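Me: Hi, could you walk me through this one? I'd like to start with the contact between the chains.

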2 protein chains.
Amino acid sequence: MVRMRGFKERASVQDAVRSIERSNLRRLGCEFVDIVDACGRILAEDVTARYDVPHFDRSAVDGYAVFAEDTFGASQNNPAILKLVGEVEMGEKPVEMGKGGAVKVSTGSALPKGANAVVMLEYAKELDSFVEIYRPVAPFENVSKRGEDVKAGDIVLKRGEILQPQDIGILASLGYERIKVLRKPKVVIISTGNELLKLGEELEVGKVVDSNSYMLFCAVRFYGCEPMLYGIVKDRFEDLRNAIEEAIEIGDIVITIGGTSVGKRDLVPEVVKSVGRIMFHGISIKPGMPTAFGVIDGKPILMLSGFPVACLVGFELLFPHILSKLTGVRIVKRRGEVVKAKLKRRIPSKAGVRTFVRVTYKDGFAEPLMTSGSGILTSTIKANGIVVIPECKEGFEEGEVVDVVLIRDIVSSEDVPLSDHPYQRL
Amino acid sequence: MVRMRGFKERASVQDAVRSIERSNLRRLGCEFVDIVDACGRILAEDVTARYDVPHFDRSAVDGYAVFAEDTFGASQNNPAILKLVGEVEMGEKPVEMGKGGAVKVSTGSALPKGANAVVMLEYAKELDSFVEIYRPVAPFENVSKRGEDVKAGDIVLKRGEILQPQDIGILASLGYERIKVLRKPKVVIISTGNELLKLGEELEVGKVVDSNSYMLFCAVRFYGCEPMLYGIVKDRFEDLRNAIEEAIEIGDIVITIGGTSVGKRDLVPEVVKSVGRIMFHGISIKPGMPTAFGVIDGKPILMLSGFPVACLVGFELLFPHILSKLTGVRIVKRRGEVVKAKLKRRIPSKAGVRTFVRVTYKDGFAEPLMTSGSGILTSTIKANGIVVIPECKEGFEEGEVVDVVLIRDIVSSEDVPLSDHPYQRL
């Protein structure tokens with residue numbers, strides 16, 4: 001704590017953040033929303049697979065479904081000759097076939113009943129109603145078995161995850177139409193000051209348009225919250241108390257603008273003290289020193305300076321912490337950020353092709369995901385980043401440091417360093 | 001161009017992007033929206049100040065408004081003694097005073113008529129109905145003159161700017177209730193494939209739920225566009241053509257999913273060719289090779305693979321370029337990104353205080369803004385970044401390389417390198 005003009009003492013940023021983290025706040029409730037409206041929201045329950053994925057045995061290649069045992073011993077010079085009994089296109093019901101039969105299939109086609117493997121197109125030749133097979137296949141070769149990727153009942157997305165577009169795709173593929181997420185925090189914004197005019201009122205000498213509340217309205221929306229403008233309140237104790245009490249009733253978070261300094265008309269912290277608790281008033285930042293934070297009835301109230309830049313700095317510095325406290329979810333890195341990581345395994349690629357490899361990024365390391373054949377769903381969930389291999393390279397080596405583009409927000413419900421928000425990088 | 005299995009030729013990423021940039025697309029129209037709904041939108045007209053800012057002469061400090069000439073020669077030992085004739089608080093109409101008078105004022109108070117300067121509180125002493133002044137002030141000292149920051153008619157925000165919360169504050173302070181922005185592009189998403197079930201339909205062997213369209217719906221929204229799900233269309237030429245023609249009529253951009261490979265049921269590019277123009281089909285990326293782009297009736301159509309990861313990669317790689325082409329605005333860096341910059345001037349700060357300094361970032365350099373006294377509005381518009389000076393330092397030196405947190409998207413309507421989007425960093 002440092003003494004200074006006007007303020008008896010000022011909290012350091014660290015103390016201020018700690019006092020937000022230690023304050024006793026009500027947790028947010030939940031709601032069900034349509035999955036397309038759930039993107040960017042915080043998942044409020046574990047999501048389990050409602051059925052196996054894939055939910056039927058299917059071909060992993062274009063080719064001919066066969067009974068594997070019929071192909072044993074087949075070779076270029078001594079092909080197995082099978083009877084072509086039909087075709088199953090993607091989306092069609094599986095046909096039935098007996099031993100000695102073959103059915104033409106595409107990637108994703110349901111495996112015909114009686115078949116247990118698929119021979120790739122390039123190792124077979126169609127001749128009228130027969131197919132020559134030039135290579136043996138083992139049982140279940142080139143088949144994605146039912147439940148191979150995910151079994152019914154498996155947890156596929158965890159509570160606390162911030163839902164991304166790919167998660168919404170997964171929810172759809174599992175048949176979820178609505179999903180339980182945390183409510184959007186309702187943030188009530190109160191402007192204070194006798195000098196303020198409402199937008200649209202005629203200008204008067206001595207008065208200025210209340211602009212901060214519109215600025216904060218938009219800033220609050222950027223954080224995925226639901227802002228609400230309370231309007232302008234005069235610098236009168238009673239008026240301020242009524243407004244703040246009403247706002248606390250309506251909102252999950254209350255923000256006041258102005259009236260936080262130490263002049264005779266700076267009444268906001270005093271009012272909050274009369275109905276709740278002030279956690280700190282005055283903080284060692286510039287601009288934004290006369291910023292305060294309090295709790296009324298288990299709900300947070302952030303008191304910001306009326307000077308526009310101080311208002312925005314105080315907001316950007318402290319609001320993310322209030323949000324973390326309220327939701328229990330702390331964003332450590334944002335989707336779209338690029339981070340450096342050391343590769344845990346070599347990733348090959350073809351020269352001349354720009355290759356996008358899904359990786360799991362953690363603590364400075366990137367683990368490339370195996371994505372061949374099946375496992376599409378699970379690999380999409382596990383991946384949180386993409387490594388882009390440029391056309392001029394043939395892959396990256398194990399141990400190489402590469403750029404990872406994050407494809408989901410990285411969250412933590414544990415304590416993480418205060419460096420989690422851009423304004424707090426230093 | 002490289003030859004490969006299935007595709008006669010594939011465009012390089014560079015060629016693909018160039019062909020989007022060179023395509024002949026209709027520009028988006030404009031609309032008026034409430035300023036709070038304009039945040040994140042692209043400004044469609046230059047915004048001019050409707051009045052001077054400040055719009056009245058006002059005090060820049062707490063103190064006593066005086067007629068400057070009355071204080072000439074004043075000193076600690078020989079104070080000027082002026083008659084206290086009143087007080088103007090912030091928001092009050094200015095009073096009138098004559099020569100030899102003094103009026104108590106606060107920062108932001110309207111300057112009383114007859115006064116032309118303000119003596120700071122610390123150089124004055126109030127004694128009953130008189131004030132002793134211990135220091136002379138020059139005419140207009142400690143006064144923010146009307147129009148000092150911005151003159152009526154000045155351009156304050158330029159067409160093409162992506163509006164940020166601070167801009168919305170500025171628009172409010174200038175009395176704008178609604179503002180002209182580019183329309184949100186309407187993006188119609190068509191799913192194709194006989195194997196697709198609608199979300200909510202009962203599972204069948206051989207079929208899978210259409211999940212990509214829900215994923216893209218959300219991804220499209222992240223780009224500030226308005227997505228619309230057309231639904232599922234079977235792999236039939238007529239059906240596809242009807243769907244695409246209808247979508248092109250409704251939307252500003254059309255996206256199709258699936259049916260872009262070279263199988264007998266991959267009809268989408270062929271359909272597009274029959275009603276418009278294919279700019280490329282097949283691109284040197286993995287996954288996502290069977291991606292195509294075309295133009296129908298001056299509107300872009302992006303044809304994506306039905307494989308979820310390929311679908312998302314193709315989208316993230318190409319959609320930003322389609323958007324840039326449509327809006328004429330290219331985002332070079334995003335708000336919230338941290339960039340390194342060399343300081344053009346020293347910025348001092350006080351030890352123990354975390355200091356946030358507005359800077360103008362350009363081409364690797366950061367120019368700190370002068371923010372004392374007036375110029376609040378203009379400095380807020382000019383600043384596009386914040387440098388945070390930690391508590392342990394007393395400022396940064398000229399030439400030092402520092403982190404700049406961007407507080408607005410950096411846009412360019414000129415040609416910039418293709419490295420502008422995260423997926424294209426390499």
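Reply: Happy to! Chain A and chain B bury about 7,300 Å² between them, and 66% of that is on carbon and sulfur atoms. Keep in mind that this is a predicted model.

Me: Okay, and how many residues are in contact?
Reply: On the chain A side there are 87 residues, in contact with 86 residues of chain B.

Me: How many salt bridges does the rule find across the interface?
Reply: Twelve between chain A and chain B. One of them pairs Lys93(B) with Glu204(A), where the closest N and O atoms are 3.2 Å apart.

Me: Which helix gives the largest share of chain A's side?
Reply: That's helix H3 of chain A, residues 212–222, which supplies seven residues of the side touching chain B. By class, that side of chain A has 45 nonpolar, 25 charged and 17 polar residues.

Me: Switching to strands: what does S24 of chain A join in chain B?
Reply: Strand S24 (residues 354–362) of chain A is joined by two bridges to strand S21 (residues 285–286) of chain B, and the two run parallel.

Me: Which residue of S21(B) is the bridge partner of Thr355(A)?
Reply: Lys286(B).

Me: New topic, how many aromatic pairs are there over all chains?
Reply: The count is eight. Among them is Tyr223(B) with Phe315(B), an edge-to-face pair at 5.8 Å centre to centre, with 70 degrees between the planes.

Me: And where do those two, Tyr223(B) and Phe315(B), sit in the chain?
Reply: In distant parts, 92 residues apart. Tyr223(B) is in the loop between helix H3 (212–222) and strand S18 (226–233) of chain B, while Phe315(B) belongs to helix H6 (residues 308–327) of chain B.

How values were computed: Residues are numbered from 1 along each chain as its sequence is written. Chains are lettered from A and ligands numbered from 1 in the order in which they are written. This is a predicted model: local features need pLDDT of at least 70, side-chain atom pairs count only at pLDDT 80 or more; totals for chains, interfaces and linings use all residues. Side-chain values use heavy atoms; hydrogens and water are left out. Contact means heavy atoms within 4.5 Å. Buried area is the accessible area (1.4 Å probe) that two parts lose on being put together, summed over both. A salt bridge is a side-chain nitrogen of Lys or Arg within 4 Å of a carboxyl oxygen of Asp or Glu. Helices (H or I, at least four residues) and strands (E, at least two) are DSSP runs, numbered from the N terminus. Ala, Val, Leu, Ile, Met, Phe, Trp, Tyr, Cys and Pro count as nonpolar, Asp, Glu, Lys and Arg as charged, and the others, Gly among them, as polar. Two strands pair if DSSP finds at least two bridges between them. Rings of Phe, Tyr and Trp (its six-membered ring) pair if their centres lie within 6.5 Å; planes under 30 degrees apart count as stacked, over 60 as edge-to-face and the rest as tilted.
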